[in-house]
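Dear colleague,

Please find below the structure that I am handing over to you.

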Number of protein chains: 2
Amino acid sequence: MPSTQSQRTVEIANLEIRPDELQVLVEGRRSGLTVREFQLFFMLAQRLDSVVQRPQIYTEIWGGTMPRRDRSVDVLVRKVRAKLEQVAPEWSYIHTHFGIGYRFSPERTS
Amino acid sequence: MPSTQSQRTVEIANLEIRPDELQVLVEGRRSGLTVREFQLFFMLAQRLDSVVQRPQIYTEIWGGTMPRRDRSVDVLVRKVRAKLEQVAPEWSYIHTHFGIGYRFSPERTS
DNA sequence: CTGTCTGGATAAGAACTGGTGAACGCCGCC
DNA sequence: GGCGGCGTTCACCAGTTCTTATCCAGACAG
């Protein structure tokens, strides 16, 4: 195995994540996430199956402290969900934990 | 053994790439790329279908770190595109990934 | 059931990125 | 010197993305 710095590709469920390309592929199809969107997605994916609190997400992506009543994270999550749904309608990846934050976990929508 | 560094000729889609001549032929016609232009084209071609980030392109061609707001890469891409389009109007080879970089992948423009 | 709070959805304006044409400077050559 | 190819930089503009505001549905407490 050619080692090298960061992993070239991460595979989870039906996803292929390429960090150094900022790309997420679903069964070969590109999801078309923007840079910000990928950041969010990737940071959640790295914490597979654990709930990440909203302020923590904010800090990791925007830096600094999350202003009260800020909705940036929500809007971003929505956009990521929308794009992923377009390429993988039968799956859901980001789950809401009310009053807390979000959790990444690929699941089939039965 | 085929020996020696890189292959003499690489063929992809309707392209014929000759690294040691710095030439790209499209169905027999020379594209007329300059040295710089060929460097860009070839480095992207070698990473077929993967997105290469702008700063990485810069580093590989110019060396050093890409200055903020630098447009060299863009302009070079444009020139390569222009020359390729002249010899292959029905094809597109270099695709833009907004906010990230460029990706090489020969495709017909239907 | 009612009131309050959180998150989903959408939209408008601001901010940013990349496409494009042209100008500029550098060299080698006529 | 004047010319032409090449590489770089500049400026303008269109298109994309981000931020923020608003309205609304769902969750939860009393």
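**The sheet of chain A**

In strand 4 of chain A, the residue that stands opposite A:Leu25 is A:Arg30. Please note that the model is a predicted one. Strand 3 of chain A, residues 23-26, pairs with strand 4 in the antiparallel sense, over two bridges. In general, the strands of a sheet pair through backbone hydrogen bonds, and the pairing may be parallel or antiparallel.

These two strands belong to an open sheet of four strands in chain A, ordered 1-2-3-4, with antiparallel pairing. Strand 1 (10-12) and strand 4 (29-30) of chain A stand at the edges with a single partner strand each, so one side of each has no neighbour in the sheet.

**Chain A as a whole**

Chain A contains three helices and seven strands. From the N terminus, its elements follow the order β-β-β-β-α-β-α-α-β-β. The radius of gyration of chain A is 14 Å, close to the 13 Å that the globule rule gives for 110 residues; chain A is therefore as compact as a globular protein of that length. Along its principal axes, the C-alpha trace of chain A spans about 45 × 35 × 25 Å. Buried residues account for 23% of the 110 residues in chain A.

**The surroundings of DNA strand C**

Which residues are the closest to DNA strand C? Of the 18 residues that surround DNA strand C, the closest are A:Asp74, A:Thr96, B:Asp74, B:Arg78 and B:Thr96. Helix 3 (72-87) of chain A and helix 3 (72-87) of chain B are the elements that give two or more residues to this surface. By class, the surface near DNA strand C has seven nonpolar, four polar and seven charged residues.

Yours sincerely

Terms used. Residues numbered from 1 in each chain as written. Chains lettered and ligands numbered in written order. Predicted model: local features only at pLDDT ≥ 70, side-chain atom pairs only at ≥ 80, totals over all residues. Pairing = 2+ DSSP bridges. Near = placed C-beta within 6 Å. Nonpolar A, V, L, I, M, F, W, Y, C, P; charged D, E, K, R; others polar. Rg over C-alpha atoms; globule rule 2.2 N^0.38 Å. Buried ≥ 20, exposed ≤ 12 C-beta atoms within 10 Å, placed from the backbone.
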